[in-house]
Amino acid sequence: MTRFYLNAGALDRWMHQNKAQYTGAYVECVLVDSFVVETKRGVAAIYEHYLNEWTSNYYVEFTDYKNGFKNGEVDKIWSDWYAFEEKASA
């Protein structure tokens, strides 16, 4: 699993380069939303990373299908997402 941070402009480029498509899983957050996308190579959970009251960026957890199925990383991304979604809705 690969983890990294991106600002909004870099996220747009990353999503375009990886042909990301929304899965319909999202949570409305403080400044930006958190969501899950499927890409040409795998799955990414993209979380709002709150910096201060005016700024957020994104924390991305990504796994490609080749390694994700072998190591259970895709399941880990989804289980982390469901835990986040449940906590956010409480």
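This is a short tour of a predicted model, stop by stop, for use in your viewer.

**Stop 1: strands 3 and 4**

Select residues 34–38, which make up strand 3, and residues 42–52, which make up strand 4. The two strands run antiparallel and pair over four bridges. Now pick out Glu38. Across from Glu38 you will find Val43 in strand 4.

**Stop 2: strands 4 and 5**

Show Glu48 next. Its opposite residue is Tyr58 in strand 5. Then look at the turn: strand 4 and strand 5 form a hairpin, with two residues between them.

**Stop 3: a salt bridge across the chain**

How many salt bridges does a search of the whole structure find? There are two. For one of them, stay on strand 5 and show the side chain of Glu61 together with that of Arg3. Glu61 and Arg3 form a salt bridge, and their closest N and O atoms lie 3.4 Å apart. The pair links distant parts of the chain. Arg3 belongs to strand 1 (residues 2–6), and 58 residues separate it from Glu61.

Is Glu61 buried or exposed? Glu61 is buried, because its relative accessible area is 7% and the cut-off for buried is under 20%. Arg3 has a relative accessible area of 45%, so Arg3 counts as partly exposed.

**Stop 4**

Move to helix 3, residues 73–89. Show Asp80 and Lys76. These residues form a salt bridge, with 2.8 Å between the closest N and O atoms. Side chains of opposite charge can pair when their charged atoms come close. Asp80 and Lys76 are four residues apart in helix 3, so about one helical turn separates them. Check the surface again. Asp80 is partly exposed, at 21% relative accessibility. Lys76 is partly exposed as well, with a relative accessible area of 39%.

**Stop 5: Glu86**

Stay on helix 3 and select Glu86. Where does Glu86 stand on the surface scale, buried or exposed? Its relative accessible area is 58%, so Glu86 is exposed. To finish, draw a distance from the C-alpha atom of Glu86 to that of Leu51. The separation is 22 Å. Along the chain, Glu86 and Leu51 are 35 residues apart.

Key. Residues are numbered from 1 along each chain as its sequence is written. This is a predicted model: local features need pLDDT of at least 70, side-chain atom pairs count only at pLDDT 80 or more; totals for chains, interfaces and linings use all residues. Side-chain values use heavy atoms; hydrogens and water are left out. Buried means under 20% relative accessible area, exposed over 50%, partly exposed in between (1.4 Å probe, protein chains only). Two strands pair if DSSP finds at least two bridges between them. A salt bridge is a side-chain nitrogen of Lys or Arg within 4 Å of a carboxyl oxygen of Asp or Glu.
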